[in-house]
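Hi,

Here is the structure I promised to pass on. Have a look, and my notes follow below.

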Amino acid sequence: MAVTLNRETDGGLSLGRIGALLGILAGGGLGSLRMLLDDSPEAFGLGNVAFLLTFVLPFVLAYGALRLDRSMMRAAIWFGSGALAIAGSVIAFSGVSLVLLIPGGLLIAAALAALRTADTSPEWPVVLIPI
């Protein structure tokens, strides 16, 4: 049985899922790469673990937002996580963190799609929280 995706009733769920999973992979890859390339005896020290968590946890939160039943709350979380991912993508001068631009853009697109669903009108100011 083929399942079709209705973009109007999806509310950004597919974009949010793809963006969050890509972000978890990209953030985990960046954090793991930093740990593997560290020559010091403290390769798994507090600084490297904090670096890994900084890049992964916003996407874990965005993935957890898929379970929320209110599209406005999902939009707020996805917008905040996407903005944080885009800000984090320019943190490394070498350009290696630019891989976070794609998942961040997908999460912002998912937030915009979630804002167009029917249950968003009464609580629109909550989207201003991530800003």
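Which helix is Leu36 found in? Leu36 belongs to helix 2, residues 13-37 (helices are DSSP runs of H or I, at least four residues, numbered from the N terminus). Leu36 is exposed, with 68% relative accessibility (exposed means over 50% relative accessible area, buried under 20%, partly exposed in between, with a 1.4 Å probe and protein chains only). From Leu36 to Asn48 is 12 residues in sequence and 9.9 Å in space, C-alpha to C-alpha.

Before going on, a caveat: this is a predicted model, where local features need pLDDT of at least 70 and side-chain atom pairs pLDDT 80 or more, while totals for chains, interfaces and linings use all residues. Residues are numbered from 1 along each chain as its sequence is written, and side-chain values use heavy atoms, without hydrogens and water.

Now for Ser89, which sits in helix 4 (residues 71-89). Ser89 is buried, at 0% relative accessible area. Leaving aside residues up to four places away in sequence, Ser89 touches Ser97, Leu98, Leu100 and Leu101 (contact means heavy atoms within 4.5 Å). A polar atom of the Ser89 side chain also lies 2.6 Å from the backbone oxygen of Ile86.

Helix 4 meets helix 3 as well: Phe55, Pro58, Phe59, Leu61 and Ala62 in helix 3 contact residues of helix 4 including Trp78 and Leu84. The residues of this contact are 9 nonpolar, 2 polar and no charged (Ala, Val, Leu, Ile, Met, Phe, Trp, Tyr, Cys and Pro count as nonpolar, Asp, Glu, Lys and Arg as charged, and the others, Gly among them, as polar).

Cheers

Note on methods: Helices (H or I, at least four residues) and strands (E, at least two) are DSSP runs, numbered from the N terminus. A polar contact is a pair of N or O atoms within 3.5 Å; within protein, one must be able to donate a hydrogen and the other to accept it, and residues adjacent in sequence count only if both atoms are side-chain atoms.
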